[in-house]
Amino acid sequence: MAKSITPDAISTILSNPSPDSSSELPEIIVQVIDLTPIGNRYKFTANDGKMKLKAMFPSSFSSEINSGNIQNLGLIQVIDYTLNDIPSKQEKYLIVTKCEAVSPALEVEFKTEVKSEETGILLKPKQVVEIQNEVKGEGTGIFLKPKQEIVAKSAAQIVNEQHGNMAPAARMAMTRRVHPLVSLNPYQGNWTIKVRLTNKGTMCTYKNARGEGCVFNVELTDEDGTQIQATMFNEAARKFYEKFQLGKVYYISKGALKVANKQFKTVQNDYEMTLNENSEVEEASNEETFIPETKFKFVEIEELGPYVNGKELVDVIGVVQSVSPTMSIRRKSNNDVVPKRDITIADKTKKTVVVSLWNDHATNVGQELLDNADKFPIVAIKSLKVGDFQGVSLSTLSKSIVLVNPETPESQKLRSWYDSEGKGASMASIGSDISPSSKGGARSMYYDRVSLSHVTSNPSLGEDKPSFFSIRAYISFIKPDQTMWYRACKTCNKKVTDAIGSGYWCEGCQKNDDECSLRYIMVVKVSDASGEAWLSVFNEQAERIFGCSADELDKLKSQEGEENLFLQKLKGAIWVPHLFRISVAQHEYMNEKRQRITARAVVPVDFAAESRLLLEEISKMKTSQ
């Protein structure tokens, strides 16, 4: 038997604005009308034929709506919800937190006539909402109940009641409704949430026009897997920093919500939370397994290309190939010295990437990785920033989580692959070995192809931030008398100077070394059919152009004889076609702004792929004519 709209469904919702999560709701089936997207959320009007109620689907319903499972004019059964007040408009707003699609779109909006017994006047559906006395629909016998008063209880009250009667933690929802995170919004009054602390940032200090202060943030996850970021400043930060322990479950109340700042957002939620010194945070005992653990959304190493210099943070998992000693890096902003350690990881794509661990991550988990480097541990890292150093690189933030040998299915599969196949496989760096056939490389080398004239004729490119393009060009000239390399530390690749006495001094590693290596840093002229430009090239890209290391080219330069092998090597690199991934930025020289073009990746031309690209361009030209 097909289900139909529940008579007086809106009345049922209005009479029970805060349903008890432990009790079963009556069947509530309404029609969805005026379904409209607002950012990641969708607003609509819930209709039962007599009354209407403004409502909203949170962003978690996007897939259901985009797939057509939930449709405008269709029917849904509301399984769980929250009814919020909008003070400025003195009306209610329904937040649907759980529902099921009942029927696809009907042909028209469902309407029924409602008559008042006393007056016999037919009322329009909108008028029914305004009646405060009892109103009975013809043939239904269902009465509207007056608005119920809701008793708000804080997190502290819930925990005190729990301790007073020793009730199990799982029964606390019977004492007071715990709101799911997906139902929260800035217009709500008192609420209490039950969440696990899945990420804890470090305490940071700041200075601004109003003075100095401190701040830290946490990431919270509820039992549905919904996450939200909470931030605490000054007194609140000092009050809750020690109280919040990673992995524990808490009741939290008396916080404030606002629209999330996309620039600093680290979780998928439209809102972010602020806790002040009056907020209440109480640990929920014996509920360690109630809330989900930290969730990862892993990105394979070979797919990191599109994330370079983006605002989106990524999660990765890999086998540790190497671990560097701790380095001391001096910040330019405040001249502070912070510890750093680089690790190289690989995954089943047979690609490697360098991950820079900073601050506590470098000294704590970084030391653990160094001590066990010979066992090739597996690391899962959450919330990494993707940069363009050496093509593609990763860096931890204060909010990053680094887990060593986690007991997860992904970790077990990676360990099994590495022990059986990966240990003997040939690995290549994602930054220096990016190719058109790889997933990230294909987009990088072909989807935004431009000519050199497009870059050189637009002097404003890269003013605010670097712009990225792909070009196909020939190296047309290499200055043989330029400085083509620098002396580098064998550990961190930074520039070294002559040490007092003998050897070389590395400022980054703060140590002397008897030997150093040479790394390319040079400029070459590149040309295509539209023009030419000077291109800055670094070590990995230059090695691909010359086919040898800077140390090997230096040896050729120092050799004497009739045949100048050094010049022959330079000549052999000229007029060879390459695909370049370039960045364009502005820098100032002698009080004059200039354009700097830098090679981020260099690969040989795949003529089959180039032919396909040309055929596509010809096809587009024919279509446009």
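You're looking at a predicted model, in which local features need pLDDT of at least 70 and side-chain atom pairs count only at pLDDT 80 or more, while totals for chains, interfaces and linings use all residues. Numbering starts from 1 along each chain as its sequence is written, and side-chain values use heavy atoms, leaving out hydrogens and water.

**Stop 1: around Leu-197**

Is Leu-197 buried or exposed? Leu-197 is buried, at 1% relative accessible area; the scale is under 20% for buried, over 50% for exposed and partly exposed in between, with a 1.4 Å probe and protein chains only. Now show its contacts, meaning heavy atoms within 4.5 Å. Leaving aside residues up to four places away in sequence, Leu-197 touches Val-218, Glu-219, Leu-220, Phe-244, Gln-245, Leu-246, Gly-247, Lys-248 and Tyr-250.

**Stop 2: the cores**

A nonpolar core is a set of buried Ala, Val, Leu, Ile, Met, Phe, Trp, Tyr and Cys residues joined through side-chain atoms within 4.5 Å. In soluble globular proteins, nonpolar side chains tend to be buried together. Select Phe-546 and Phe-580: in the largest nonpolar core, which has 34 residues, these two touch the most other members. Then color strand 28 (residues 517-528), which supplies the largest share of this core with 5 residues. Another core, of 24 residues, lies apart from that one, and its members include Cys-214, Val-218, Phe-244 and Met-273.

**Stop 3: salt bridges**

Next, look for side-chain nitrogens of Lys or Arg within 4 Å of a carboxyl oxygen of Asp or Glu, which is what a salt bridge means here. How many salt bridges does the whole structure hold? The search finds 16. Here are some to click on:

- Asp-315 and Lys-382 meet through their side chains at 3.5 Å, N to O. The pair links distant parts of the chain, 67 residues apart: Asp-315 is in strand 16 (residues 314-323) and Lys-382 in strand 20 (residues 378-387). Asp-315 is buried at 7%, and Lys-382 counts as buried at 9%.
- Lys-340 pairs with Asp-342, their closest N and O atoms being 3.9 Å apart. Lys-340 is buried at 13%, and Asp-342 counts as buried at 19%.
- Glu-421 and Lys-350 form a salt bridge at 3.6 Å, N to O. Glu-421 is in the loop between helix 9 (409-420) and strand 22 (428-429), and Lys-350 in the loop between strand 18 (337-346) and strand 19 (351-358), so this pair ties together parts 71 residues apart in sequence. Glu-421 is partly exposed at 41%, and Lys-350 counts as partly exposed at 34%.
- Arg-449, Arg-472 and Glu-610 are joined in a network of salt bridges.

**Stop 4: a lysine in a loop**

Jump to Lys-50, in the loop between strand 2 (41-47) and strand 3 (52-57). Lys-50 is buried, with 9% relative accessible area. What does its side chain make a polar contact with? The partner is the side chain of Asp-8, at 3.4 Å. A polar contact is a pair of N or O atoms within 3.5 Å; within protein, one must be able to donate a hydrogen and the other to accept it, and residues adjacent in sequence count only if both atoms are side-chain atoms.

**Stop 5: backbone angles**

Most residues other than glycine have a negative phi. Select Leu-73, where phi is positive, near 75°. Leu-73 is in the loop between helix 2 (62-66) and strand 4 (75-86) and is partly exposed at 21%. Then go to Asn-234, with a positive phi near 50°. Asn-234 lies in helix 6 (residues 234-240) and is partly exposed at 26%.

**Last stop: zoom out**

Show the whole chain, with its 15 helices and 31 strands. Of its 625 residues, 44% are buried.

Technical notes: Helices (H or I, at least four residues) and strands (E, at least two) are DSSP runs, numbered from the N terminus.
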